[in-house]
Amino acid sequence: MAAAAAAAAPAPAESNVEFIRARSDKREYRRVVLPNALECLLISDSETDKAAACMEVGVGSFSDPEGLEGLAHFLEHMLFYASEKYPGEQDYTKYITEHGGSCNAYTSSETTNFYFDVNVANFEEALDRFA
């Protein structure tokens, strides 16, 4: 059923964006816009043994409601505890570190950024946990 639902979903749109990079940069870049308007930058480097992902959201400490200062930073930390699919406390962080990776996040005034890296063979499951 999930495969049928995925097949029915519109395909991500690709855009012709020119990436400015150093002449020595041999990586491949591709920008994809998902059906929910999420923009993704895909970078491929065949010479590395790590895979990584990063997500930035347009909410930071300036968005904290009056009387709830620090809320954005508090919510940043919630990613690292548990989820409905992976309910064990610290399952995300434990999986990443057990598979050669690291993860972190930071909250700035206008954005919050989450990122991780992991061994290439474990990227798909790490990405699922990240999501």
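Predicted model: local features only at pLDDT ≥ 70, side-chain atom pairs only at ≥ 80, totals over all residues.
A salt bridge, in what follows, is a side-chain nitrogen of Lys or Arg within 4 Å of a carboxyl oxygen of Asp or Glu. Residues are numbered from 1 along each chain as its sequence is written, and side-chain values use heavy atoms, with hydrogens and water left out.

Let me start with confidence, where pLDDT is the predictor's confidence in each residue, from 0 to 100. The mean pLDDT of the chain is 86, and 88% of its residues reach 70 or more. Helices (H or I, at least four residues) and strands (E, at least two) are DSSP runs, numbered from the N terminus, and among these elements helix 1, residues 2-8, has the lowest mean pLDDT, at 40, while strand 5, residues 102-107, has the highest, at 96. Over residues 1-10 the pLDDT is below 50, and this stretch has 1 contact in the model beyond near neighbours in sequence, a contact being heavy atoms within 4.5 Å.

Now to the charged pairs. The structure holds 5 salt bridges, and I will go through three of them, using buried for under 20% relative accessible area, exposed for over 50%, and partly exposed for in between, with a 1.4 Å probe and protein chains only. Glu39 and Arg31 meet through their side chains at 2.9 Å, N to O; Glu39 is exposed, at 54%, whereas Arg31, at 22%, counts as partly exposed. Asp25 and Arg27 also form a salt bridge, at 2.9 Å, N to O, and here Asp25 is buried, because its relative accessible area is 15%, while Arg27 is partly exposed at 35%. The side chains of Lys85 and Asp128 meet at 2.8 Å, N to O. That pair links distant parts of the chain, 43 residues apart, with Lys85 in the loop between helix 2 and helix 3 (91-98) and Asp128 in helix 4, residues 123-130. Lys85 is exposed at 57%, and Asp128 is partly exposed at 31%.

Which aromatic residues come together in one cluster? They are Tyr92, Phe116, Phe123 and Phe130. For ring pairs, the rings of Phe, Tyr and Trp (its six-membered ring) must have centres within 6.5 Å, with planes under 30 degrees apart counted as stacked, over 60 as edge-to-face and the rest as tilted. A search of the whole structure finds 5 aromatic pairs. In one of them, the rings of Phe116 and Phe123 have their centres 5.9 Å apart and their planes at 25°, so the pair is stacked. Phe116 is buried, at 2%, whereas Phe123 is partly exposed, at 23%.

Phe130, another member of that cluster, lies in helix 4 and is buried, at 9%. Leaving aside residues up to four places away in sequence, Phe130 touches Cys54, Met55, Leu79, Tyr92, Phe114, Tyr115 and Phe116. The C-alpha atoms of Phe130 and Met55 are separated by 9.5 Å, although the two residues are 75 apart along the chain.
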